[in-house]
Amino acid sequence: MNKNYNSKFSIITKLLLSLFILLSLNITYIALNKSYKIKASEPELYIRPEKVRIDAAKKLLVEGNKRYVDNKTFANDISDTKRKKLSSNGQKPFAVILSCSDSRVPPELVFNQGLGDLFVIRNAGNVVDPIVLGSIEYGVEHLDVPLIVVLGHEKCGAVEATIKDGEASENIASILNKIKPSYNKVKNKNQNIDEVINLTVNVNINNSVAIISQSPVIKKLLDEKKISIIGAKYKMDTGEVIYDFSK
Ligand SMILES: [Zn+2]
């Protein structure tokens with residue numbers, strides 16, 4: 001009888017002990033997991049100055065791209081409060097970005113900017129037509145944006161299609177025809193196809209910068225030193241945006 005009682009007691013003790021160990025492990029896991037999640041989901045919130053002039057605008061883009069490259073991006077405020085603030089106060093973007101539609105080069109991500117920061121125009125090959133030009137003019141003239149950036153990128157499909165000169169629909173051909181003059185400038189300078197694409201990307205960026213600069217609205221603001229325009233190139237592997245790509 002006593003032996004049976006002792007045995008039952010021992011089983012209950014073992015069960016309770018096992019339960020206690022399991023519970024402790026579970027609490028430790030939850031605690032560790034929680035602290036990890038807090039750390040991972042709450043990076044520093046990105047806040048930029050309200051008013052941004054030319055030099056500060058480029059600095060914000062350079063700093064944002066560095067955070068992106070270093071994998072240390074700030075979180076963007078996409079809260080209800082921020083949306084309502086932008087809705088009632090209006091937008092004050094600090095840079096107009098003309099970039100390629102390539103899904104690997106989204107300006108807000110590569111420059112680590114958020115809602116209300118960038119006025120973005122995208123098309124395949126970052127080319128300029130009257131609608132693009134009108135959008136840029138609206139950005140600098142009506143929204144007082146101080147900086148225009150033409151952002152091209154390595155391995156651009158639109159540039160490659162121009163060089164390969166295959167079958168293209170009328171609408172795609174209208175894009176390729178915009179890039180062709182840039183290709184014509186470099187096609188005899190190098191035999192290596194990748195290098196020809198690379199050089200054409202550079203010339204195409206500079207060509208878009210030149211066309212935009214010739215708009216009377218933009219030329220006036222450039223002459224008055226109220227705005228600035230720069231070309232930039234995205235490096236596909238590293239995520240870097242470089243500004244001295246032509247050298
Ligand atoms: Zn592209």
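Q: Which residues in α7 meet residues in α8?
A: A contact means that two C-beta atoms, placed from the backbone, lie within 7 Å. On the α7 side you will find Ile179, Pro181, Ser182, Tyr183, Lys185 and Val186, and they meet Val196, Leu199, Thr200, Val203, Asn204 and Asn207 in α8. Keep in mind that this is a predicted model, in which local features need pLDDT of at least 70, side-chain atom pairs count only at pLDDT 80 or more, and totals for chains, interfaces and linings use all residues. Residues are numbered from 1 along each chain as its sequence is written.

Q: At what angle do α7 and α8 pack?
A: Two packed helices are described by the angle between their axes and the distance between the axes. Here α7 (residues 170–186) and α8 (residues 193–213) pack at about 125°, their axes 8 Å apart (axes are lines fitted to C-alpha atoms, for helices over the stretch in contact, with angles from 0 to 180 degrees between N-to-C directions). The two helices are therefore oblique to each other (under 35 degrees is roughly parallel, over 145 roughly antiparallel, 65 to 115 roughly perpendicular, the rest oblique).

Q: How does α6 sit against α8?
A: The axes of α6 (residues 157–164) and α8 come within 10 Å and cross at roughly 115°, which makes α6 roughly perpendicular to α8. From α6, Val159, Glu160 and Ile163 make the contact; from α8, the partners are Val196, Ile197, Thr200, Val201 and Asn204.

Q: How many helices and strands does the protein have?
A: Nine helices and five strands (DSSP runs, H or I of at least four residues for helices and E of at least two for strands, numbered from the N terminus). Along the sequence they read α-α-α-β-α-β-α-β-α-α-α-α-β-β.

Q: Which residues have the most contacts inside the largest nonpolar core?
A: Ala95, Val96, Ile148, Val149 and Leu151, in a core of 43 residues (buried Ala, Val, Leu, Ile, Met, Phe, Trp, Tyr and Cys joined through C-beta atoms within 7 Å). Leaving aside neighbours within four places in sequence, Ala95 is in contact with Ala57, Leu61, Leu118, Val145, Leu147 and Val149. Of the protein's 247 residues, 28% count as buried (20 or more other C-beta atoms within 10 Å; exposed, 12 or fewer; partly exposed, in between).

Q: Where does pLDDT stay under 50?
A: Over residues 30–39, for which the model has zero contacts beyond four places in sequence. The protein averages a pLDDT of 89, and 83% of the residues score at least 70 (pLDDT is the predictor's confidence in each residue, from 0 to 100).
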